[in-house]
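Me: I would like to learn how to read packing features from a model. Please take them one at a time, with the general idea before the case.

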Amino acid sequence: MFTATEPLPLTVPTTIGESATSFASRLARRNGVPRLIAFCSDVGIDYFALVNGDPVEIQRLAVLGDIDPVPLQAATPSLIEPGWFRLGNERIKFTGFIRTTLRICPMCISEVRNTTEIVHHGVWQLAAIRTCVKHGRHLVAVPKPKNGNDCFDHVPMLDGFQPTAGDLAVSQDPELERYLTDRILTGPGKSWLDRLPFHIAAQTCEMLGALLTLGPRVKRAELADAQWAAAGTAGLSILRGGPEALRQKLKEIQDSHPVGEKRYRSHYGVFFDWLRFRDDDRDFDVVRDIVRDFIFKNFPVTVGSTVLGKHCPEQLLHSFSTAKQVFGIPHHRLGQKLVTLGMAKPHASDRFYTLTR
């Protein structure tokens with residue numbers, strides 16, 4: 001039973017953006033308790049409820065630490081229903097987080113006298129947040145603790161940890177991170193992108209941006225934080241324009257390939273495959289539907305072919321080969337007609353034709 005109504009004799013100052021587990025970990029060390037889970041047991045706080053941002057446990061922690069619980073609650077991912085958290089003014093699916101891997105700013109570590117002074121921000125649990133706003137450095141991962149229950153107890157995890165200086169972020173690249181942080185602080189706006197669920201907006205910006213900045217064949221697992229940051233900014237610049245801007249960019253990518261190239265997966269590679277493997281999350285349908293509809297209208301997809309989980313109801317575009325299969329029109333006859341329409345050109349032999357648009 002929790003009975004304390006006064007602060008502990010030894011406390012630590014907090015700062016805006018610090019998560020409840022970060023504050024509790026520092027408070028535990030300040031009071032000589034080596035593990036946060038033991039500290040919580042000693043003072044009557046449910047550790048696992050605190051990890052999930054339970055308001056009652058955060059209120060209890062705030063009393064012990066003599067701080068305002070409101071900003072502490074706002075900076076802590078709080079479980080509001082199975083699979084969904086509240087962080088600030090945003091409702092975020094668990095897939096938008098990296099909760100069990102501690103990431104920290106190397107400059108924040110270098111500026112303090114001891115680990116008790118190192119603050120871990122709640123937004124650093126988000127997968128798309130890779131940069132420390134104060135120092136402009138990319139976050140670095142800390143080795144996992146031996147006991148998985150201690151992964152939110154950052155102070156012991158940083159004992160003896162000597163990170164490298166960390167990569168300096170290019171000033172314009174964390175634009176997506178600034179956009180996502182604003183959504184957490186003020187809530188989503190009214191634009192098409194703002195109305196997308198937080199994890200959909202973040203991941204779509206990054207994956208479209210990866211296609212734009214690194215090409216269709218890039219492997220997601222090979223991207224460094226700096227590349228993800230640049231990709232996020234590139235994707236955000238397009239998606240802020242809504243569905244029509246996305247369609248226009250998909251068309252520009254198609255037009256950059258040889259006319260008649262019908263393999264849409266070679267055009268959109270990493271972006272298309274990412275959408276295809278997110279079929280377990282219906283929230284991605286809003287993006288999937290746009291991309292699928294564009295492919296049906298701009299590529300010679302045969303009736304019944306499956307694209308992003310749905311069958312093509314009607315083939316709207318044809319290649320020379322599919323036109324022959326469906327309508328029985330020979331290549332040379334169709335080619336001659338398309339030449340007169342300015343849509344094809346003959347080879348030197350005049351036996352074969354190539355589409356020009």
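Me: Which residues does Ile 104 touch, not counting residues up to four places away in sequence?

Reply: Note that this is a predicted model. A contact here means heavy atoms within 4.5 Å. On that basis Ile 104 touches Ile 109, Ile 118, Val 119, His 120, Trp 124, Leu 139, Val 140, Val 142, Leu 158 and Phe 161, with residues up to four places away in sequence left out.

Me: Which residues touch the most other members of the largest nonpolar core?

Reply: The largest nonpolar core has 67 residues, and Ile 104, Leu 193, Tyr 268 and Phe 271 touch the most other members. Helix α10 (residues 198-214) supplies the largest share of this core, nine residues. Another core, of 25 residues, lies apart from it and includes Leu 8, Phe 39, Val 43 and Ile 45.

Me: How do I read a helix pair, and at what angle do the axes of α13 and α14 cross?

Reply: Start with the axis angle, where values over 145 degrees count as roughly antiparallel. Helix α13 (residues 264-276) and helix α14 (residues 285-298) have axes that cross at roughly 165° and come within 12 Å. The two helices are therefore roughly antiparallel to each other, and their crossing is left-handed.

Me: Which residues of α13 and α14 meet?

Reply: From α13 come Tyr 264, Tyr 268, Phe 271, Phe 272 and Leu 275, and from α14 come Val 287, Arg 288, Val 291, Phe 294 and Ile 295. By class, this contact of α13 with α14 has nine nonpolar residues, one charged and no polar.

Me: Turning to loops, where is Ser 305 found, and what is it in contact with?

Reply: Ser 305 is found in the loop between α14 and β8 (306-307). At 26% relative accessibility, Ser 305 counts as partly exposed. Its contacts, leaving aside neighbours within four places in sequence, are Lys 310, His 311 and Cys 312. Ser 305 and Gln 315 are ten residues apart in sequence and 9.5 Å apart in space, C-alpha to C-alpha.

Me: What is phi of Asp 66, and is Leu 308 buried or exposed?

Reply: Phi of Asp 66 is near 60°, a positive value in a residue other than glycine. Asp 66 is in the loop between α4 (55-65) and α5 (69-74), and at 56% relative accessibility it counts as exposed. Leu 308 has phi near 50°, likewise positive in a residue other than glycine. Leu 308 is in the loop between β8 and β9 (310-311), and is buried, with a relative accessible area of 7%.

How values were computed:
Residues are numbered from 1 along each chain as its sequence is written. This is a predicted model: local features need pLDDT of at least 70, side-chain atom pairs count only at pLDDT 80 or more; totals for chains, interfaces and linings use all residues. Side-chain values use heavy atoms; hydrogens and water are left out. Axes are lines fitted to C-alpha atoms, for helices over the stretch in contact, and angles run from 0 to 180 degrees between N-to-C directions. Helices (H or I, at least four residues) and strands (E, at least two) are DSSP runs, numbered from the N terminus. Angles under 35 degrees count as roughly parallel, over 145 as roughly antiparallel, 65 to 115 as roughly perpendicular and the rest as oblique. A crossing is left-handed if the near helix is turned anticlockwise from the far one by less than a right angle, and right-handed if clockwise. Ala, Val, Leu, Ile, Met, Phe, Trp, Tyr, Cys and Pro count as nonpolar, Asp, Glu, Lys and Arg as charged, and the others, Gly among them, as polar. A nonpolar core is a set of buried Ala, Val, Leu, Ile, Met, Phe, Trp, Tyr and Cys residues joined through side-chain atoms within 4.5 Å. Buried means under 20% relative accessible area, exposed over 50%, partly exposed in between (1.4 Å probe, protein chains only).
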